Amino acid sequence: MRWVWFGVLTLLSAMQAKTAPQWVESKICAEQYCAIGQASKQEGQTSAIARALKELRLSLNTSVQAEYEQSTDTSGQSIASERVRIYAGAHNIGYKILARYEDKRYVYVKIQYDPSKKLVDEAPAPEFKELENLERLCEDSTLDGYYCVSLGDKYHKGELELAKNDKLALKYYKKACLMGTLEGCVLAGEIALKESKKSAQWYYAHACENGYGLACAKSAGLEEAARKKLDLYTQGCRLNDALSCAYLGEVYALGLANLQKNATKAKALYKQSSQLNQYGDGAVLLLEESDFDKSSMQKLCNHNNARACAHLGQSEQNASLLQKAFALGSAQGAYFLGLQAKEPKTREKLLAHSCEIGVQNDFTKACEALGDTLLASDKSRAQDYYAASCNHLFYEESACKKLYDLVPNKCQNESVCLSFTSESVPTAVAVSSAVDAIIDEDGELYPTMVHKAKKKPQASQIGKKLESIASIFTPREPKRVKIVGELALGAHSMDFPKIRGMHRITDDSAMGFMSMGRFGVEISTARQPLSFYAAPFIELVWQGLFDVEEFATEQDDDNDDGKVSAILFGSGVQAGVQYKLWRFYGVVDYMANFSRISRNVSVPLQNVLGVGVGVGCELAFMRVGVQYMYQSYAYNTGTIYEYRNSSILVLDSMKVRSGAHAVFVTLGVGF
């Protein structure tokens, strides 16, 4: 039975694989005066027709020239030439297309000779004539590259039966841009943006600087600094770009970039935008400011205004309008659809799409919503999306609050974030507001106000100093892996009850000092405000045991003073939790003594096993804390003998353990 099923599946696979027509398989035409052309999908149907005509010319023995060039890219695939031309000779050929077929790699065309469609006066086919004319006009320097834009459009959209080719489209758009047609700069920037934000910004900036307002709005979309965005929208509006005026109106309507809210100024800018483009975003924003007019909004949506469709779709709960808004590239449309999506993956995908489009325009609510969605599963990405929303000209204040609670130093929107800091920071806010207050609505400085501002430089400096001090006490962005180091200084008590004669020269319980240095790697969950971590380390310890002068009946201040001490090397692990600035942890370590003689006295200590707890505070990169350790000592027993006015410690092979307590003050770094 298994073999029967295997045969059936094999047969079905063979039937599915053999879907190509017979003429494609055999490359043979059953019809009279017929030819078949084949070309890769990169070359497109035009090249397939050119090859078919070449075969037809040979079969009819007529004078038709079918010229095409081809080359290969780095992967070895064939690429269509920039120019594919078909001309008719004295005995020109008319043809009709009988059939087309495409598979994953190739395009196939079957054509047949048709005398009724012969070309007149040796003129080329209309579509090829248009392509040739555009190429000729594009080369004309007196036309400033105007027709290069049209030629780029043909390749970008795949018109004239050409294969879509953004590489060639970019070439012609760039040529138009450099020849003086600034529309080509914007079109080139849109294609370049798929590969490089820096390249796209160059095209937009070039056109904006040379007086093309839309390019200023496009450039603002890629700019990160809020003030720079505002300047670009202002410049674009002065250059009569409708979109720039609409966004600038929103800035005044919402009171962004430290500007005072000005409803009158906003309305005037909306009107200016709608006069420049009666179906643009300015018209929608003007309707949103006034009483909602459903018929007017529907009219704007009918003229393919994406914002109008999204606004109307949300207010009417009309999914088809939201879908239309999404198809037209609306960030709001994608956002509303994302909120309605039931599947988590679909919701995340729509919100990400909305965020990506929105940050290049005037909408960042989707970035905040995506941060909320990811907060439980991926806090690092959530922080990035909160930052994208907060640190934007068109910010969401609630996103700033969430970002500040997680990672204060990522909250960089001075209009909002400084209000979340300690009481000392409002000084800096006041200074910033004072500076912005001297800028009028058109971005010009009043000379008298500039003079006053120069008289008070100290206030700004004090504000910055207070802000920098406050930043020390704010939690840093958590990292998953850190290099850590720690120095500790403390005191301990140590018992030697098994060493006979010890009581004659020192107390059985000796109090001493010890110091240690630790170096390790900290691995953390990197979550805020509560994070768990573990830090394995190695350590080097100096531990004082007892005074060496007790062993001499006649003291020699030059040679016999000081401590009998041990140098220990060990390793351990520290693990605990960090809540904002505070760290609570436990620690375990093991140290072995590798110093056998100290001050000419045998060192009885062998090894130390310690367990303890600690508490600390992280300030910027520094860490300070207090640590308690209970230490279990292993040491050799022995006897103290009197010999020539001095005492001698003689150890034996017996080992015993004893406990002790130690307290340390720690100072460390983590980076």
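A disulfide is a pair of cysteine sulfur atoms within 2.5 Å. The model on display is predicted, and it holds nine disulfides. This tour visits some of them and then turns to a pair of packed helices.

**First stop: Cys 29 and Cys 34**

Select Cys 29 and Cys 34, and show their side chains. A disulfide joins the two, with a sulfur-to-sulfur distance of 2.1 Å. Looking along the link between Cys 29 and Cys 34, one finds -40° about the S-S bond, a left-handed arrangement. Cys 34 has a relative accessible area of 15% and is therefore buried, the cut-off being under 20%.

**Second stop: helices α4 and α5**

Next, select residues 126-138, which form helix α4, and residues 146-157, which form helix α5. Cys 138 belongs to α4 and Cys 148 to α5, so their pairing ties together parts that are ten residues apart in sequence. The sulfur atoms of Cys 138 and Cys 148 are 1.9 Å apart in this disulfide. Here the link is right-handed, with 95° about the S-S bond. Are these cysteines buried or exposed? Cys 138 is buried, its relative accessible area being 1%, and Cys 148 is likewise counted as buried, at 0%.

Move on to Cys 390 and Cys 400, whose sulfur atoms lie 2.1 Å apart in a disulfide. What is the handedness of this disulfide? The torsion about its S-S bond is about 105°, so the disulfide of Cys 390 and Cys 400 is right-handed. Colour helix α20 (residues 379-390) and helix α21 (residues 397-406) to see the setting: Cys 390 is in α20 and Cys 400 in α21, ten residues apart.

Select Cys 617 on its own. This residue is buried, with a relative accessible area of 12%.

**Last stop: helices α15 and α16**

Finally, select residues 306-316, helix α15, together with residues 319-327, helix α16. How are two packed helices described? The description uses the angle between their axes and the distance between the axes. For α15 and α16, the angle is about 155° and the axes are 8 Å apart. Because angles over 145 degrees count as roughly antiparallel, α15 is roughly antiparallel to α16. The crossing of α15 past α16 is left-handed.

To display the contact, show Ala 306, Cys 309, Ala 310, Leu 312, Gly 313 and Gln 314 on α15, and Leu 321, Leu 322, Lys 324 and Ala 325 on α16. Coloured by class, this contact between α15 and α16 comprises seven nonpolar, two polar and one charged residues.

Notes: Residues are numbered from 1 along each chain as its sequence is written. This is a predicted model: local features need pLDDT of at least 70, side-chain atom pairs count only at pLDDT 80 or more; totals for chains, interfaces and linings use all residues. Side-chain values use heavy atoms; hydrogens and water are left out. Axes are lines fitted to C-alpha atoms, for helices over the stretch in contact, and angles run from 0 to 180 degrees between N-to-C directions. Helices (H or I, at least four residues) and strands (E, at least two) are DSSP runs, numbered from the N terminus. Angles under 35 degrees count as roughly parallel, over 145 as roughly antiparallel, 65 to 115 as roughly perpendicular and the rest as oblique. A crossing is left-handed if the near helix is turned anticlockwise from the far one by less than a right angle, and right-handed if clockwise. Contact means heavy atoms within 4.5 Å. Ala, Val, Leu, Ile, Met, Phe, Trp, Tyr, Cys and Pro count as nonpolar, Asp, Glu, Lys and Arg as charged, and the others, Gly among them, as polar. Buried means under 20% relative accessible area, exposed over 50%, partly exposed in between (1.4 Å probe, protein chains only).
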